[in-house]
Amino acid sequence: MAQTQAKGRALVIGASGGIGAAVHAALVRGGRFDEVLATARSPQVEGWLTLDLTDEASIAAAAQRVGQGAGPLRLVFDATGYLHGPQGGPERRLANIDADTLAHQFAVNAIGPALLLKHFLPLLPVEGKSVFATISARVGSISDNRLGGWYGYRAAKAALNQMVRTASIELARTKPQAICLALHPGTVKTPLSDPFAKSGVRLQSPAQSAAAMLSVIDQATPQMSGLLVAYDGTIVPF
């Protein structure tokens with residue numbers, strides 16, 4: 001990662017998912033960090049940390065473990081997210097809104113990342129470039145919403161964008177070279193997005209999306225902190 005004073009360490013949260021696994025693999029392969037850490041809700045890889053996004057005690061414990069490591073933490077990449085699953089999926093109409101599904105959308109897409117900000121931003125170094133990046137979505141943009149639908153997912157990602165923006169302001173007061181980013185990964189061929197991929201929409205592989213987002217992170221400056229940035233480097237309006 002450019003503009004760092006030392007290689008330091010990187011952490012991928014949600015490294016067992018499609019995008020998370022691709023980001024983790026790219027970071028390990030790139031060799032730009034002294035150590036690449038990873039978390040998963042149920043780790044299947046030796047050395048990975050357990051982190052359940054819906055359990056703050058789990059987040060705090062993982063942060064404590066990371067904080068005990070040697071070397072500055074230069075990158076935290078949050079690759080978690082929920083669009084559909086056993087708890088429900090995107091709503092087409094107001095009549096489809098379900099309180100439990102809505103609560104789960106916010107728990108995973110907004111509250112969980114907010115708790116990551118709470119526990120991991122204090123671990124970023126005071127000097128030198130460092131980045132906290134989290135997966136958001138273009139559909140979380142209020143000004144860009146022209147199709148409607150997807151109430152819970154849109155609203156939760158909009159809340160996430162506000163969390164990142166607000167955290168970036170606080171972070172800049174004590175760590176002016178640190179950066180908080182919300183990233184739009186594009187439409188990626190993963191189980192999360194496969195059922196909703198439309199004909200004619202450009203699909204990226206997880207590896208392509210990961211490489212593009214890591215390039216955005218590499219080129220990011222403190223002036224970009226708090227923004228929603230697409231995989232191609234364009235700024236997505238809130």
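This is a predicted model: local features need pLDDT of at least 70, side-chain atom pairs count only at pLDDT 80 or more; totals for chains, interfaces and linings use all residues.
Which residue takes a positive phi just after H1? Look at Gly-31: its phi is about 65°.

Helix H1 covers residues 18-30. With 13 residues, H1 spans 18 Å from its first C-alpha to its last, close to the 18 Å expected at 1.5 Å a residue. Now check which parts of H1 are hidden: Ile-19, Gly-20, Ala-22, Val-23, His-24, Ala-26 and Leu-27 are its buried residues. An α-helix has 3.6 residues a turn, so residues three or four places apart point the same way. The cover over the buried residues of H1 includes strands E1 (9-13), E2 (35-40), E4 (73-78) and E5 (130-135), along with helix H5.

Let's follow H5, which runs over residues 206-219. The axes of H1 and H5 lie 8 Å apart, at an angle of about 60°, so the two helices are oblique to each other. H1 goes past H5 in a right-handed crossing. On the H1 side you'll find Gly-18, Ile-19, Ala-22, Val-23, Ala-26 and Leu-27, and they meet Pro-206, Ala-207, Ala-210, Met-213 and Leu-214 of H5. That contact has ten nonpolar residues, one polar and no charged.

H2 passes H3 in a right-handed crossing. Among the residues that meet here are Ile-59 and Val-66 in H2 and Leu-115 and Phe-120 in H3. This contact is made up of eight nonpolar, two polar and two charged residues.

Note on methods
Residues are numbered from 1 along each chain as its sequence is written. Side-chain values use heavy atoms; hydrogens and water are left out. Axes are lines fitted to C-alpha atoms, for helices over the stretch in contact, and angles run from 0 to 180 degrees between N-to-C directions. Helices (H or I, at least four residues) and strands (E, at least two) are DSSP runs, numbered from the N terminus. Angles under 35 degrees count as roughly parallel, over 145 as roughly antiparallel, 65 to 115 as roughly perpendicular and the rest as oblique. A crossing is left-handed if the near helix is turned anticlockwise from the far one by less than a right angle, and right-handed if clockwise. Contact means heavy atoms within 4.5 Å. Ala, Val, Leu, Ile, Met, Phe, Trp, Tyr, Cys and Pro count as nonpolar, Asp, Glu, Lys and Arg as charged, and the others, Gly among them, as polar. The expected span of a helix is 1.5 Å times one less than its number of residues. Buried means under 20% relative accessible area, exposed over 50%, partly exposed in between (1.4 Å probe, protein chains only).
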